[in-house]
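Look at the sequence and the structure below.

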Amino acid sequence: MAFLRNTWYVAAWSGEVGRQCLARKILGEPIMLYRTAAGQPVALLDRCPHRLLPLSKGSIEGDTIECGYHGLTFDSAGRCIRAPGQERIPPGASVRAYPVAEHMGMVWIWPGDPALADRSKLFDQLPQWADARGPKPQWALLEGPLTYVNANYLLLSENLVDPAHVVYVHKRSLGSPAMANIPIDASQQGDALLVSRWTPNAPASPILQRYGKWAGNVDRWQYYWMYPPHIAVVDFGAGPPGMDRSDAGRDAAMRLFTAHFMTPETATTTFYFWFVLRNFAIGDPVLGNDLIEQVTMTFMEDKAILEAIEEAEAEPFVSSRVKLAVDVGSVRLRKAVDRMIAEEEAQQVSGRQRIGIAST
Amino acid sequence: MAFLRNTWYVAAWSGEVGRQCLARKILGEPIMLYRTAAGQPVALLDRCPHRLLPLSKGSIEGDTIECGYHGLTFDSAGRCIRAPGQERIPPGASVRAYPVAEHMGMVWIWPGDPALADRSKLFDQLPQWADARGPKPQWALLEGPLTYVNANYLLLSENLVDPAHVVYVHKRSLGSPAMANIPIDASQQGDALLVSRWTPNAPASPILQRYGKWAGNVDRWQYYWMYPPHIAVVDFGAGPPGMDRSDAGRDAAMRLFTAHFMTPETATTTFYFWFVLRNFAIGDPVLGNDLIEQVTMTFMEDKAILEAIEEAEAEPFVSSRVKLAVDVGSVRLRKAVDRMIAEEEAQQVSGRQRIGIAST
Amino acid sequence: MAFLRNTWYVAAWSGEVGRQCLARKILGEPIMLYRTAAGQPVALLDRCPHRLLPLSKGSIEGDTIECGYHGLTFDSAGRCIRAPGQERIPPGASVRAYPVAEHMGMVWIWPGDPALADRSKLFDQLPQWADARGPKPQWALLEGPLTYVNANYLLLSENLVDPAHVVYVHKRSLGSPAMANIPIDASQQGDALLVSRWTPNAPASPILQRYGKWAGNVDRWQYYWMYPPHIAVVDFGAGPPGMDRSDAGRDAAMRLFTAHFMTPETATTTFYFWFVLRNFAIGDPVLGNDLIEQVTMTFMEDKAILEAIEEAEAEPFVSSRVKLAVDVGSVRLRKAVDRMIAEEEAQQVSGRQRIGIAST
């Protein structure tokens, strides 16, 4: 399976990367992460070029990593700086270093052409995250536990441009029967796909009712923003029937964002990073704990469905697949990803010709 | 590996199939079983044709099954009757339904051509089963626990036309050294193979001694009836030396039947359904419990041997296999099964031409 | 992967082989070991040629093995001597018997051409082993626990001609920073490779200090003797600075031998047999227990590194490997093994032509 390479992927929560080695496979590649003494994150291919021992089995000495087998030592750019038993550094002794960035509480890596790595391309569509970290927050931020999913990352991405599944997968939390037959709007918004649905004048879904304690019906919204191939933001909430549906109107109602970052480990497994922002009960840790528990439970429902699908796709037993109207987001997403990967492959060919990178 | 498809296979004990989904792979196909409100068993391919989610992850609503991902709903014939988010049922939206029968306390499915499914072809060679369920039983019935065997189903079938293994595999229960060198009779009886052996005037085997408490020697019999490829009945017991060897004579002695139904899960794994009938101590539950325990222990001995053989067959390390006189039942069985599968394949080709079924 | 076949491999510790069947895969072949009533070890292919049941599932009757399925019985040379249910022994009914030898407390097998098996080729380079078993020992012997390593056996062999790894892998036991930059001597000594290093006038390594309680610096030696492809002896120890470096001089100092016998189970797994000899504290079981614990801990460090490398080699991600000066032993070893296997393959072709052995 081809992955998009010239983009930033979340490799780890910031708190996972420290002065110990963290080994993590990303896009099928073994990578090790650590921080220099000054706190700068480093990502190297997790292989010593001498005998292939994962460097993560070695030890961090100052800002360098010393291989655990024969002491070959590399700096944070992957250059060999010491070869015990000999004076001369062997020519060509280096390990691949990945461009790294720290952003929104996460360490990101760029698995593609380092010459194209660009901090300005980091995901930056959710100013509420910075607000929540600021001095007078209007938003409260909660990071979810790192979630390991035995499914291709695009199954997760598809699920996040798919308001229709909520009724069936999340009966106990986000769904409500009233939503079932409401059509879905899909549109392109700059780089993002937007798939949305308003459910007017209906009972709040269980999770909104739990915190909103609504006396009567509400207008509910779901906006699924998808930044292909692997980042999504869901904007959802509820207000009184007839509420102002604009961004300002939603801010004045009960509003939540969930942000989702899917990083392929392999073609069939995914590291799923996510956090939640809310505009109510900002300083209430009890509600916060309860909310993260509810959302975790909800995403576990997705995980179970997507893992069953991943498994079934290996043995489909279905020769012709049914297409539904609710697939609109998924269809657009798949097309966008295919296009991006095709463009990149064309670009890589010319890039390799230009700067002489060997193929992996 | 080719399986015979136009025949009935036991899919489950009747008690396993209810108003919850039961997922079970049969002949390599994922199948889900449930009952309608009226109690009718249903078997459908366990795949939603939309996104491949196993239908068994969904929920039974009335007599229908609603997919757990987007709510696509199918009736007990596999026809889609609802597609949320749209008015029109997508053309071609259906899942394969398997002909089902309930018989002898088990739910059977017909994985072959539905047009050929015929209740009259259900196994019906053991009137003692109905007697045991009747008002004045001469026979007591005990169902064994569903037994999962990591071996091809034909290894089990072969084992059930093989009286010779009893001496070595079942030393503690059914075997006795006196049997070891007695030749085996094999014959064709209508559709069935019959392999048999009388061991005259010898001590009873441990299990017959346990319940018969014989003071001296006995005449013992083993009749292995095999209905290829996957059903067997073993008739065994003991009486005084010189006993009448006819069916009536055996009824007058201490007699047991074990009935065996092998259902391939895959080419290397089998669901093994079995029950025991006896003509002694009919109303004695303590003896019954002890008997089922003894027989279970005995079949676990077979399971261990057959699983070791399945594993060894993947790495045989033997270029030329030895043939023995005791193989007579196995050789006949394999020939019969090969012939049945070849006939069916010929029939399938013409059947497909006739009614236009697509190959899986 | 090709293995050298015409050589002796350790199959088991002597104490593992008794009147019960021991099943062990060696060079990818399933083998079963037992002893005759007179104590002679026997090694047979672990497959009954009738139905392939591993003979190790059967029972030892006198000096013979009776198959657990139908009682086919083989003598210790692998000849069938009984076939229940028939008078005639089926022609060709035999199982492969491996030449076996008992030597240095271990049972060895010869997986190659039996006509070439020769006790004089058994490893016999360590007279200290016999001394330790003799009446007035100058040496104490301790056998290590059988160690299972998830790595190709040559990774272990390479590790045993590689003094350089000690500094990094065995920081807590054998290594010391003083060794890191001392060059390595390598030479051919008859059939063996010798790789060695003296570390003069430096602190003792932790394990030598633990038992030697040296007040000041020592001269330390490491001699790695490798008998390709699968046997190694390490001679190491310490004495006062300026000590006599001859064999007699080392005997007069604090000296240990570790002997290592690598037997491939498969291309990626190894049975690792090892023992330790020492010339100090001969009669001290408390020190002995502590020493075996220390050495076991040390070899577990190797095991962890080599298993990580075995895993990494399946997904190298490194297109060009770095060569270091410290690889001298490894390079010589690989060349020797390649040459031995090539010679044997040439020999096998002519051998098969000569005595008509079928290829496996």
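Which domains does the domain assignment of chain A give? The assignment gives domain 1 (9-120) and domain 2 (135-337); such bounds come from an automatic or database domain assignment. This is a predicted model, in which local features need pLDDT of at least 70 and side-chain atom pairs count only at pLDDT 80 or more, while totals for chains, interfaces and linings use all residues. Residues are numbered from 1 along each chain as its sequence is written, and chains are lettered from A and ligands numbered from 1 in the order in which they are written.

**Domains of chain A**

The C-alpha centres of domain 1 and domain 2 of chain A lie 35 Å apart. Ten residues of domain 1 of chain A are in contact with nine residues of domain 2 of chain A, where contact requires C-beta atoms, placed from the backbone, within 7 Å. On the side of domain 1 of chain A that touches domain 2 of chain A, strand 1 (9-13) and strand 2 (22-26) of chain A each supply at least two residues. Strands (E, at least two residues) and helices (H or I, at least four) are DSSP runs, numbered from the N terminus. Strand 1 of chain A gives the most to this side, with four residues. The residues of this side divide into seven nonpolar, two polar and one charged. Ala, Val, Leu, Ile, Met, Phe, Trp, Tyr, Cys and Pro count as nonpolar, Asp, Glu, Lys and Arg as charged, and the others, Gly among them, as polar.

**Chains A and C**

The contact takes 25 residues from chain C and 23 residues from chain A. Helix 6 of chain C gives the most to the side of chain C that touches chain A, with five residues. That side divides into 18 nonpolar, four polar and three charged residues.

**A hairpin in chain B**

Strand 13 (residues 185-189) and strand 14 (residues 192-202) of chain B run antiparallel and are joined by five bridges; strands pair if DSSP finds at least two bridges between them. They form a hairpin with two residues between them, and B:Gly190 in the turn has a positive phi of about 60°. B:Gln188 has B:Leu193 in strand 14 of chain B as its bridge partner.

**Backbone angles**

| Residue | Phi |
|---|---|
| A:Leu52 | about 80° |
| B:Ala281 | near 50° |

A:Leu52 is buried, with 22 other C-beta atoms within 10 Å; buried means 20 or more such atoms, exposed 12 or fewer, and partly exposed in between, with C-beta atoms placed from the backbone. B:Ala281 is partly exposed, with 15.

Terms used:
Two residues are in contact if their C-beta atoms, placed from the backbone, lie within 7 Å.
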